[in-house]
Amino acid sequence: MGSRSHLALGCVAVLLAAADTYVVVLALPDIMVGVGLDVDELQRATPVISGFLLGYVAMLPLIGRLSDLFGRTPVLVAAVLLFAMGSLLTAASYDLGIVVTGRFLQGVGGGGLVPATLALVADLWPPERRGLPLGVVGAVQELGSVIGPLYGAVILLVADWRMIFWINLGCGLFLALGFRRTTTTAPARPPRDLPGILLGLLALSALTLTLTAPGRLVTDVTLGLAFLPLAGESRLATPIGIATLVLSGLFLARQATADRPLLSLRRLPAVVAAADFPGALLLGLALGGVVLAFAVADPATEVLSPAGPWLLGAAALCALAFTWRQRRATNPIVPRDTLAAPAAWGALVVSFFTGAALIAALVDVPIFARATHYPDSQFGAALVLLRFLVALPVGALVGGWLTSRLPPALLTAAGMAMSAGAFVAMAMWRQDALDSAWSDVALVVGGLGFGLAIAPVNAALLAATRAETHGVASALLVVARMVGMLVGLSALTAVGLRRFFAEQTRIPSPEALCPDTPAQCPAYADALREAALVQLHTIFAGAASCAAIAGVVAILTLRRTGLRRGAPHHSPAKPWPAAPAS
């Protein structure tokens, strides 16, 4: 029962991290003001978003591999603690650098929860019975996109943006404690390492004081001396900051030597040696270059960021070095036969094109609603997308239930066909499309289609890979989807803008259309709206193509996956070095 309790806690943690991803977009203007930026300096605040994505994507393969070597539960605990630490830094931040650091740690922790939870499902259920639990994990992850904005809106109504991250901190620590208490079925014993607990609490309290610098203490004649930098302007150079570093070092040293530590660090050197950290670094740099090349770009005006070509060039060099490392490392970060089966690499391709199509709905459906029906209401436009977002987790549950009854190739292709058909319908929407119930049908069908494909793709990948590589394989699947979303957003927007500018050149000037009142020419405004519709129609058509490609690849590669009743269930790989079962 312990492992299944861990799965339940993992699902709650995945929901928390997914909700946090969307809530930050809503709170971004307040975060900017809170760290000293003006609301019109949006470009300077993009690292708040890209920092999270960088941690989420670049570190995933390493975390997935560590879950294969070290066990699922230790990695889930570490991921939750990293998420909590990132939440603390973000909540107590006083400048942009601390916010970005906190968001990076949140991305690392939040991203690491997904592959470890998926791999835990594979540990607990045989291939033919994994569908429903995988569907539950997928539904929980997608449910975050629905809950996140609502949760953020409620918090922002009664408190400031920092409260979001203080709540995350509390939830993260609670989940970490829950994982620890359910590690074994034996009655829980109180930890004996009281000095370690005391050092941890002191270090956490000192860090909180260092970052928040409470006004009453800073302005006190005596206590305020602890907050004066001894050199420079960094808060870590203050006496309280130095005390934080010392206490943190003592806490980590205690964890490495205590008999019953809060964090087990004794096996860490052996795990580091087995996880091929040089290969993980090269792969992380390659993925990070791709993330920054696309995530920092303004999709309304450019495909890549100004430094994008250089970043992609560096990413390509790192990818080549990673390939060289893969061939020579004794224990490569991605074991050499992990993606040997067609279903394994096919699942990654399907995930990439699914992400490229999905982002079009998430971004451009609200844009269509703003352009045609809700020019002054972001909330109204979000309600239009809500139909799609609610259908997604429902589809994930249905897809999980059907995975044990239908071939994953057929189920994935059917889901992608539904989504492609929905995008084709969106590509024909006119100005009054949202007044018709058929637009609701298209949004619901599209969301159900994407949801249906989640569980069968995950199940096909896990069935096509060995148990001792499930963590890294699941991580690569999540990476493929995220990279697909980033590339798809930039590429589809660029194609749509090209069509917009082409249509704009065909529009007569306001002077030609309205010679008497060129400054207020309704005909010219209508023509521009039609050109904007052409842009959105092009993006939706491109998304339909991506969904169709995903469906075709699924048919071609996911046919032989071992997802049949009675197929051998490989027991979870024994963590290396030896560790308690998760």
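**Core and helix packing**

Modeller: This is a predicted model. Leaving aside neighbours within four places in sequence, Phe388 is in contact with Leu358, Ala361, Leu362, Leu443, Gly446, Gly447 and Phe450.

Biologist: OK, and which residues have the most contacts inside the largest nonpolar core?

Modeller: Phe388 and Phe423, in a core of 118 residues. Helix α14 (residues 342-372) gives the largest share of this core, with 15 residues.

Biologist: How many residues are in the other core, the one apart from it?

Modeller: That core has 16 residues, including Ile31, Val35, Val48 and Ile155.

Biologist: Switching to helices. At roughly what angle do α6 and α7 cross?

Modeller: Roughly 115°, and the axes of α6 (residues 131-158) and α7 come within 9 Å.

Biologist: Left-handed or right-handed?

Modeller: The crossing of α6 past α7 is right-handed.

Biologist: Which residues make the contact?

Modeller: From α6, Tyr151, Ile155 and Leu156; from α7, Met163, Ile164, Ile167 and Asn168.

Biologist: Now Arg162. Which helix is that in?

Modeller: Arg162 belongs to α7, which covers residues 162-181.

Biologist: Buried or exposed?

Modeller: Arg162 is buried, yet has no salt bridge.

Biologist: What does Arg162 touch, then, not counting residues up to four places away in sequence?

Modeller: Gly34, Thr90, Ala91, Ala92 and Ser93.

Methods:
Residues numbered from 1 in each chain as written. Predicted model: local features only at pLDDT ≥ 70, side-chain atom pairs only at ≥ 80, totals over all residues. Heavy atoms only, no water. Helix = DSSP H or I, 4+ residues; strand = E, 2+ residues; numbered from the N terminus. Buried < 20%, exposed > 50% of the residue type's maximum accessible area, 1.4 Å probe, protein only. Lys, Arg positive; Asp, Glu negative; His and termini not counted. Salt bridge = Lys/Arg side-chain N within 4 Å of Asp/Glu carboxyl O. Contact = heavy atoms within 4.5 Å. Core = buried A, V, L, I, M, F, W, Y, C linked by side-chain atoms within 4.5 Å. Axes fitted to C-alpha atoms, helices over the stretch in contact; angles between N-to-C directions. Left-handed = near helix turned anticlockwise from the far one by under 90°.
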